[in-house]
Amino acid sequence: MALAEDKVREALKEVIDPELYVNIVDLGLVYVVEVGEENEEGKHEVQVEMTMTSPMCPAGPQLVAGTKAAAESLEEVASCNVKVVMEPAWTPERMTDDARDHLGIF
């Protein structure tokens, strides 16, 4: 069965920013999730493009590793490649209402 982007994004919600205590999806750090074609074993290659809240984010390596691990924890995923991009730059406007509420941003 084909793997949906939404299922990968749900898995990525398990990755919590250690400074803000909000998941990376609700923070708006995940820009692109691409699911490749199903291979002969019924698995998919996944590509994720994400950003950080700042270019020198000290949690960057932890967030990238967590993203890769969360995607690859899905039974349907063969492997995940994570690419960090800085364009467009992250802004608080990318956050979901839940993330804003959690952080007290109105």
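**View 1. Contacts of Asp 26 in the predicted model.** Apart from neighbours within four places in sequence, Asp 26 is in contact (heavy atoms within 4.5 Å) with Lys 13, Arg 94, Met 95, Thr 96, Asp 98 and Ala 99. Asp 26 belongs to the loop between H1 and S1, helices (H or I, at least four residues) and strands (E, at least two) being DSSP runs numbered from the N terminus. The model is predicted: local features need pLDDT of at least 70, side-chain atom pairs count only at pLDDT 80 or more, and totals for chains, interfaces and linings use all residues. Residues are numbered from 1 along each chain as its sequence is written, and side-chain values use heavy atoms, with hydrogens and water left out.

**View 2. Buried face of helix H2.** Gly 60, Leu 63, Thr 67, Ala 70 and Ala 71 of H2 are buried. These residues line one face of the helix, because they fall within an arc of 95° seen down its axis, taken from the directions from the helix axis to the C-beta atoms. They pack against helix H1 (5–12), strand S2 (44–50) and strand S3 (77–84).

**View 3. Buried side of helix H1.** Val 8, Arg 9, Ala 11 and Leu 12 of H1 are buried. Their arc around the axis is only 160°, which puts them on the same side of H1. The elements covering them include strand S1 (30–35), S2 and H2.

Conventions:
Buried < 20%, exposed > 50% of the residue type's maximum accessible area, 1.4 Å probe, protein only.
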